[in-house]
Amino acid sequence: EKMYFDSYAQLGIHEAMLRDTVRTEAYYNAIMAHRQLFQGRVVIDVGCGTGILSLFCAWAGARRVYAIEASAMAEHARNVVSANHLSEVVTVVQGKVEDVDLRDEAGDLVQADVVVSEWMGYFLFYESMLESVLLARDRWLQPDGVMFPSHAVLYMSLLSDDQYYGDRVFFWRSVYGADMSCLFEHAKRCSFDNVIVDTVHPFQCFALPEVVRFLDLRTCSLAESQQWSARMRFRAIIVTNY
């Protein structure tokens with residue numbers, strides 16, 4: 001656990017996330033397009049990192065934002081908040097959702113109107129913070145409160161990566177002049193022993209995406225996000241060489 005949180009204290013991982021303009025701008029645009037959900041409201045940002053989503057919420061008119069960050073990045077988030085003159089709106093709280101005790105100015109338990117988080121991991125759930133987000137919901141979100149995002153959908157498709165396949169398999173056709181094509185079958189098996197995390201271009205997909213999992217984050221349980229199975233049927237739309 002310590003290694004996990006220590007990794008999020010490094011600036012590089014946050015730079016990579018902020019440079020993901022598709023993701024970051026999606027949050028910005030969604031928050032600004034729904035200002036009515038934030039204006040004058042209390043917001044909890046789970047896993048705030050540099051505090052970027054907390055700033056978005058404050059710019060949208062939130063009355064108070066509690067930005068929770070377990071890693072040492074919390075101190076840097078405080079500096080970011082201060083540099084943007086939002087210290088009276090955004091309060092950075094260092095600690096895990098499971099441990100922190102959120103109290104308002106009167107000493108009462110915080111009752112939030114919105115819980116916001118960029119919690120998604122690879123394949124949506126891998127190394128995600130969903131468990132902490134759902135716990136924050138159960139601890140602090142009011143009955144009529146809003147989860148942001150409100151739903152999570154996992155899609156799956158079939159793809160062909162000819163370049164990867166060729167690099168890993170056909171490499172063995174001739175190695176320093178030696179015929180090693182007898183290793184083709186073994187290379188095929190080894191090439192897909194481990195999960196590959198990479199960018200996929202639409203032209204690589206040869207089936208329409210299918211919904212694997214749909215979650216309503218306002219009502220789903222932790223068990224629903226951790227234990228599930230799905231049956232899928234794909235219709236191929238192109239023919240590949242393999």
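Valine 116 has phenylalanine 148 of strand β5 as its bridge partner. Strand β4 (residues 112-116) and β5 (residues 141-148) run parallel, joined by four bridges. Strands pair here if DSSP finds at least two bridges between them. Helices (H or I, at least four residues) and strands (E, at least two) are DSSP runs, numbered from the N terminus.

This is a predicted model, where local features need pLDDT of at least 70, side-chain atom pairs count only at pLDDT 80 or more, and totals for chains, interfaces and linings use all residues. Residues are numbered from 1 along each chain, and side-chain values use heavy atoms, without hydrogens and water.

With helix α6 (residues 130-140), β4 and β5 make a right-handed β-α-β unit.

| Helices | Axis distance | Angle |
|---|---|---|
| α2 (residues 11-19), α3 (residues 21-33) | 5 Å | about 70° |
| α7 (residues 162-169), α8 (residues 184-191) | within 9 Å | roughly 130° |

Helix α2 is therefore roughly perpendicular to α3 (65 to 115 degrees). Met17, Leu18 and Arg19 of α2 touch Thr21, Arg23 and Thr24 of α3; contact means heavy atoms within 4.5 Å. These residues comprise two nonpolar, two polar and two charged.

Helices α7 and α8 are oblique to each other. Their crossing is right-handed. From α7, the contact uses Tyr164, Tyr165, Arg168 and Val169; from α8, Phe184, Ala187, Lys188 and Ser191. Five of these residues are nonpolar, one is polar and two are charged.

Definitions and conventions: Axes fitted to C-alpha atoms, helices over the stretch in contact; angles between N-to-C directions. Parallel < 35°, antiparallel > 145°, perpendicular 65-115°, else oblique. Left-handed = near helix turned anticlockwise from the far one by under 90°. Nonpolar A, V, L, I, M, F, W, Y, C, P; charged D, E, K, R; others polar. Right-handed = clockwise from strand over helix to strand, strands pointing away.
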